[in-house]
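Biologist: I want to learn how to read strands, sheets and helices from coordinates. Can we work through one case together?

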Amino acid sequence: MYSRKVIQKFEETLNNPSAHNVGRMDANAKNVGTGMVGAPACGDVMRLQIEVDDQNIITDCKFKTYGCGSAIASSQQMIEMLIGKTLEEAKNIKDREIADLLELPSIKVHCSVLAEDSIKKAIADYESKKA
Amino acid sequence: MNKNLVYFDYAATCPVDPRVAAKMQDCLLIDGTFGNPASRSHEFGWKADEAVEKARLHVANLVKADSREIVWTSGATESDNLAIKGAARFYKDRGNHIITSKIEHKAVLDPCRQLEREGFEVTYLDPDENGVITLENIQKHVKETTILLSIMHINNELGAVNDIEKIGKYTRENNIIFHVDAAQSTGKLPINLSQLDVDLMSFSGHKTYAPKGIGALYVRRKPRVRLEALIHGGGHERGFRAGTLPTHQIVGMGEAYRIAAEEMEQDNKKIAKLAEIFWKEVSGIEEIYLNGSFKNKVPNITNISFAYIEGESLIMALKDVAVSSGSACTSASLEPSYVLRALGRADELAHSSIRFSFGRFTTEKEVKMVAETTKKVVHQLRELSPLWDMYKDGVDLEKVEWVTH
């Protein structure tokens, strides 16, 4: 059911959370955007926070995810793709890319959709603070 | 196969007891009891028939029935199908109403759905908060047209036990056929069918250390219960179930049930002690909930919800432990357990349930190891959980507006 990549990412994150961007940032900080998507009823909730510098580059991310192994691996994959990207580049990350990199089966594709949604929400939150 | 893997999923299936495997091996080869039990013309057949009848006695003996009341099937699923569809179709002139519960195994629920398509009316009862179906609840839903009640003895996800003695008295007085799915019961609780007012009872081989692919249905003779057969051809098993009897499978089930009758007490004492050790170790974890009640459950099944973490990730993190979330038949789907839903558990608790089930070969060392690992990974997963953060911050999750997708 799980690809080796999913298992590897899941276990790395579980065994060494601080080295894998697990945590939280001050949601009220001006340079932080927060996106939380999903619902306990659906079995997954993802919270992504991005720290953005004045060049609109994502310099750091933190996340916490309630969900299956694929949801946690998708969060980890998303973080790796986000850091160093500009907001415009980040907006173009598609769930398909995450799903392909992790070889998610179709029954788990919603995990990567959740990751894309959390990126969009985190960016929108950051931009609303700037506006 | 990972050598360190610990098996805590005995409620899904058991390994075959070595003593059972040895008996089965005697029924396969040319110099063994391989004959067709239905062959009347030679000794190979007579020997096989003898072995099958001896096994039937062992099964009957464990549940205090007459061996003529035991019908071999391919497993508890077939037994449930034969009992429910067979009785409903035979007694359809008496009425068309069937009562069962929402937390039955799919082997009961799906035949009931099929009967609905055939024009029967089915009532699916809610369990109480501990997974028990009460007589009062049944009485409330019985009507003039009720012909059949199907209630499990022990729930496969929770281990909750129903009072089939009390329920049977009521159904007998009211002329309702009473079917009990006892797939989880044999070797776990004593069953005395000479005292119980149960008309039909389903048994599984592989939940009691026999191989998969063999089971039995108890069909009461006094008062006589009749069924419409599902499988025709050859008139085996007094017309209830056609098909050449699998001697080796039957002998395996007979031996497994013989051992169960002999060793049930000591097995259960050991398992109850292990379950106690396990619960003592894990119950120190914050925010965990036992599904079911210690007052009314078998000790071999412990079903726990770990709040704020999701069950599938917990199973993945418990990588050296074979456990399941809910029943094996449904764990491929993303739906939370329908059994826990029926208990009225909140979604996040239904999504985070794990069934630990112990058996004859479970050791104290394994129990302690699994308890330690569980404590460790629950802590790790909560570190990853935004819901755990929110709980610790005092946020009421019921009041959050979630962004569903």
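**Reading chain B**

Modeller: Start with one bridge: B:Leu290 has B:Ile304 in β10(B) as its bridge partner. Residues are numbered from 1 along each chain as its sequence is written, chains are lettered from A and ligands numbered from 1 in the order in which they are written. This is a predicted model, where local features need pLDDT of at least 70, side-chain atom pairs count only at pLDDT 80 or more, and totals for chains, interfaces and linings use all residues.

Biologist: In what sense do β9 and β10 of chain B pair, and over how many bridges?

Modeller: Helices (H or I, at least four residues) and strands (E, at least two) are DSSP runs, numbered from the N terminus. Two strands pair if DSSP finds at least two bridges between them. β9(B), residues 288–290, pairs with β10(B) in the antiparallel sense over 3 bridges. β10(B) also pairs with β12(B), residues 353–357, antiparallel over 5 bridges. There, B:Ser305 has B:Ser353 as its bridge partner.

Biologist: Which residues of β10(B) point which way?

Modeller: In a regular strand the side chains alternate between the two faces of the sheet. Here B:Ile301, B:Asn303 and B:Ser305 point one way, B:Thr302, B:Ile304 and B:Phe306 the other.

Biologist: What is the strand order of the open sheet?

Modeller: The order is β2-β8-β7-β6-β5-β3-β4 in chain B, 7 strands with mixed pairing. β2(B) and β4(B) stand at the edges with a single partner strand each, so one side of each has no neighbour in the sheet. Within the sheet, β6(B) and β7(B) pair in the parallel sense over 3 bridges. One bridge there joins B:Asp181 to B:Ser202.

Biologist: Where is the kink in α7(B) centred?

Modeller: The bend at a residue is the angle between axes fitted to the seven residues ending there and the seven starting there. α7(B) has a kink of about 70 degrees, centred on B:Glu263.

Biologist: What does α7(B) span between its end C-alpha atoms?

Modeller: The expected span is 1.5 Å times one less than the number of residues. A straight helix of 36 residues would span 52 Å; α7(B), residues 247–282, spans only 44 Å.

Note on methods: Buried ≥ 20, exposed ≤ 12 C-beta atoms within 10 Å, placed from the backbone.
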